[in-house]
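Please read them alongside the model.

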Amino acid sequence: MNGTSSEPNAGLRLAWRLSRELAQIADHGEVDRIPALDAERRALLESLRLARVPLDEEARRLWQEIAALNDRAIGVLEHRRRALEREVDVAVAGARALRAYAANAGAPR
């Protein structure tokens, strides 16, 4: 998929649709689907960049929207990563407390 067509912005529109799909996937936490879709979008965007097609108003708008969607997806994924890290920290602290309690539960008072 190289994004070239008789319509100059067809490839860019496809990249925009892929970017929307990536953002929706990130919103729903379906992270296992992201790498393949991102690779497809990345290859398409690279081919568009290498084609050096002049930018009209629609192309500029699409590039801006793709960048905004990308920023949104990254933000959502970063938020999910931090939340998961907090959950792991709480679980580790709980496990430590449980081990300490178990080690001292039979100790004389």
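**Notes on a predicted model**

1. Ser-19 sits in helix α1, which spans residues 10-28. The model is predicted, and the remarks below should be read with that in mind. In it, Ser-19 has a relative accessible area of 1% and is therefore buried. Leaving aside residues up to four places away in sequence, Ser-19 touches Arg-41, Ile-66 and Leu-69.

2. How many salt bridges does the structure hold? The count is 13. Side chains of opposite charge can pair when their charged atoms come close.

3. One of these salt bridges joins Asp-27 to Arg-72, with the closest N and O atoms 2.5 Å apart. The pair links distant parts of the chain: Asp-27 belongs to helix α1 and Arg-72 to helix α3 (residues 57-104), 45 residues apart. Asp-27 is partly exposed at 33% relative accessibility, and Arg-72 is partly exposed at 38%.

4. Asp-38 and Arg-42 form a salt bridge through their side chains, at 2.7 Å from N to O. Both residues lie in helix α2 (residues 34-51), four residues apart, or about one turn of the helix. Arg-42, at 54%, is exposed.

5. Arg-13 and Glu-7 also meet in a side-chain salt bridge, 3.2 Å from N to O. Arg-13 is partly exposed, with a relative accessible area of 26%; Glu-7 is partly exposed at 31%. Both residues belong to a network of salt bridges that also links Glu-58, Arg-61 and Glu-65.

Conventions. Residues are numbered from 1 along each chain as its sequence is written. This is a predicted model: local features need pLDDT of at least 70, side-chain atom pairs count only at pLDDT 80 or more; totals for chains, interfaces and linings use all residues. Side-chain values use heavy atoms; hydrogens and water are left out. Helices (H or I, at least four residues) and strands (E, at least two) are DSSP runs, numbered from the N terminus. Buried means under 20% relative accessible area, exposed over 50%, partly exposed in between (1.4 Å probe, protein chains only). Contact means heavy atoms within 4.5 Å. A salt bridge is a side-chain nitrogen of Lys or Arg within 4 Å of a carboxyl oxygen of Asp or Glu.
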